[in-house]
Amino acid sequence: MKLTLKIWRQGGKYKGEFVTYQLDNVNEHMSFLEMLDVLNEQLIEKRETPVAFEHDCREGICGTCSLVIDGRAHGPMQGTTTCQLHMRHYKEGETIVIEPFRARAFPVIRDLVVDRSAFDRIIQAGGYVSVNTGQAQDANAIPIEKDQSSRAFDAAACIGCGACVAACPNASAMLFTSAKVSHLALLPQGAVERKRRVQAMVAQMDKEGFGRCSNVTACEAECPKEISVENIARMNREYLGAVFAGETV
Amino acid sequence: MGWFSKFLTSSIGQKTVMALTGIFLILFLVVHLIGNLQLLKDDGGEAFNLYAYFMTHNPLIKTVSYLLYASILLHAVQGIMLWRNNQSARGAQGYAVNHVRPRERASRNMAWVGIIIFVFILLHLYQFWFQMHWGNLVYVEYEGTIHPVKDLYTLVAESYQNSGFVLFYVISMAVVGYHLWHGFWSAFQTLGLNHRKYTPVIRGLGMAYAVIVPALFAVIPVWMYVMGT
């Protein structure tokens with residue numbers, strides 16, 4: 001399969017521009033990232049700088065791969081990451097436009113690589129459970145309803161890739177933050193710190209310069225883990241509850 | 001009050017202001033519509049003029065009206081601030097290819113549609129509200145009322161003989177409906193009211209509201225124009 005790629009190049013000799021590449025022998029069984037690997041091998045052979053892009057597990061669970069492919073975060077398929085996208089979904093002679101995730105809070109480092117450490121700082125602000133070290137607790141010491149644990153698990157499926165920010169016209173990080181707030185608040189271990197947590201995480205999210213959610217729901221549509229915007233409503237409830245009914249001033 | 005200003009300037013606080021003022025304006029539209037429907041009564045404007053008198057003299061209504069003016073301004077100012085903030089959060093470099101799902105269109109256009117509605121409100125207030133309060137309207141007397149009342153009906157009826165005004169109002173109502181199509185549901189979502197038990201009802205109610213209420217508003221000038229009353 002022959003393909004034309006229009007890839008955003010930034011850094012080194014590139015000021016921030018689209019560069020067009022031709023690929024002549026793309027195998028339909030390749031993943032999208034393997035296709036980029038083939039391109040990079042060709043560029044290296046020609047002594048050109050390869051295209052920088054992020055990847056790690058290549059099985060859709062680590063949240064490292066990114067890319068906006070033809071205007072869609074993680075490409076055109078529903079509920080998959082870029083590494084799970086395969087070339088069989090493309091046709092002979094197609095042109096594919098590949099851009100980095102765009103947001104002020106996600107500055108481009110090089111080519112298709114953006115700095116997503118803003119997410120790490122949101123997690124550091126409260127996306128954890130404070131526990132004492134010692135013996136591991138018995139798994140079933142605290143009974144949890146199946147429905148409740150399923151909801152928590154649905155939220156915990158978030159891999160923190162940032163596709164929600166990339167897809168949102170406001171570059172809002174509310175789907176990510178709300179998934180983290182939800183998965184911890186729904187479980188008894190996390191519920192203890194829920195009021196402090198939601199306020200700290202929202203404050204950090206605002207500080208990082210993400211936009212404000214306007215309920216467009218593009219995040220939900222593009223999320224590779226199909227996290228629901230119900231989580232955003234839950235975070236709003238948690239936040240309003242913490243601000244107006246929290247014990248601390 | 002440090003905690004409260006911190007809340008109001010937070011992302012969720014700003015959105016809460018939009019949602020609460022939005023829901024108040026949604027409720028107001030129903031009251032406004034009930035009043036306007038008096039125009040369709042075939043009584044030479046008596047019901048409408050008495051309604052207009054009530055709305056400008058009842059102390060409770062007058063108090064609520066100040067809340068309404070404040071809500072409109074707050075919704076507009078906060079909305080523009082959110083819009084500007086969101087524009088800058090997107091960053092200077094936009095996408096070369098934008099993928100917009102059809103169901104997202106209304107929500108992506110809230111800001112500029114809101115600005116059009118604000119301009120409409122200003123023109124509309126000048127045309128009727130300003131004239132009712134400070135214009136030179138003639139007084140009419142009806143049986144059973146103590147005071148003569150201002151004849152707002154004649155001003156409205158004459159305005160609606162102008163096809164340009166009729167068109168202006170019909171288009172404006174379509175724009176209001178477009179804003180409400182997203183706004184109604186969005187307000188509840190922002191307040192955290194999303195549950196599979198009732199969210200489908202809110203969604204359906206919002207779409208019905210966004211179509212029926214502006215349509216009824218728009219029917220009035222068209223009807224009065226056609227009937228030539």
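Chain B has nine helices and two strands, where helices (H or I, at least four residues) and strands (E, at least two) are DSSP runs, numbered from the N terminus. Read along the sequence, the order of these elements in chain B is α-α-α-α-α-α-β-β-α-α-α.

Before I go on, a word on the model: it is a predicted one, in which local features need pLDDT of at least 70 and side-chain atom pairs count only at pLDDT 80 or more, while totals for chains, interfaces and linings use all residues. Residues are numbered from 1 along each chain as its sequence is written, and chains are lettered from A and ligands numbered from 1 in the order in which they are written.

Staying with chain B, its C-alpha atoms fill a box of roughly 65 × 45 × 40 Å, taken along the principal axes. Of its 229 residues, 27% count as buried, a residue being buried if 20 or more other C-beta atoms lie within 10 Å of its own, exposed if 12 or fewer, and partly exposed in between, with the C-beta atoms placed from the backbone.

Now, how many residues does the contact take from each chain? It takes 34 residues from chain B and 36 residues from chain A, and two residues are in contact if their C-beta atoms, placed from the backbone, lie within 7 Å. On the side of chain B that touches chain A, the elements that give two or more residues include helix H2 (11-37) and helix H8 (163-190) of chain B, but H4(B) gives the most, with six residues.

Let me turn to chain A, where five strands form an open sheet in the order E2-E1-E5-E3-E4, with mixed pairing; two strands pair if DSSP finds at least two bridges between them. The edge strands are E2 (14-23) and E4 (72-73) of chain A, each of which pairs on one side only. Further in, two bridges join strand E3 (residues 68-69) of chain A to strand E5 (residues 95-99) of chain A, and these run antiparallel; Val68(A) stands opposite Glu99(A) in E5(A).

Finally, which residues of helix H2 (residues 117-126) of chain A are buried? They are Ala118(A), Phe119(A), Ile122(A), Ala125(A) and Gly126(A). Seen down the axis of H2(A), these buried residues fall within an arc of 115°, so they line one face of the helix, the arc being that of the directions from the helix axis to the C-beta atoms. Among what covers them are helix H5 (174-185) and helix H7 (194-207) of chain A.
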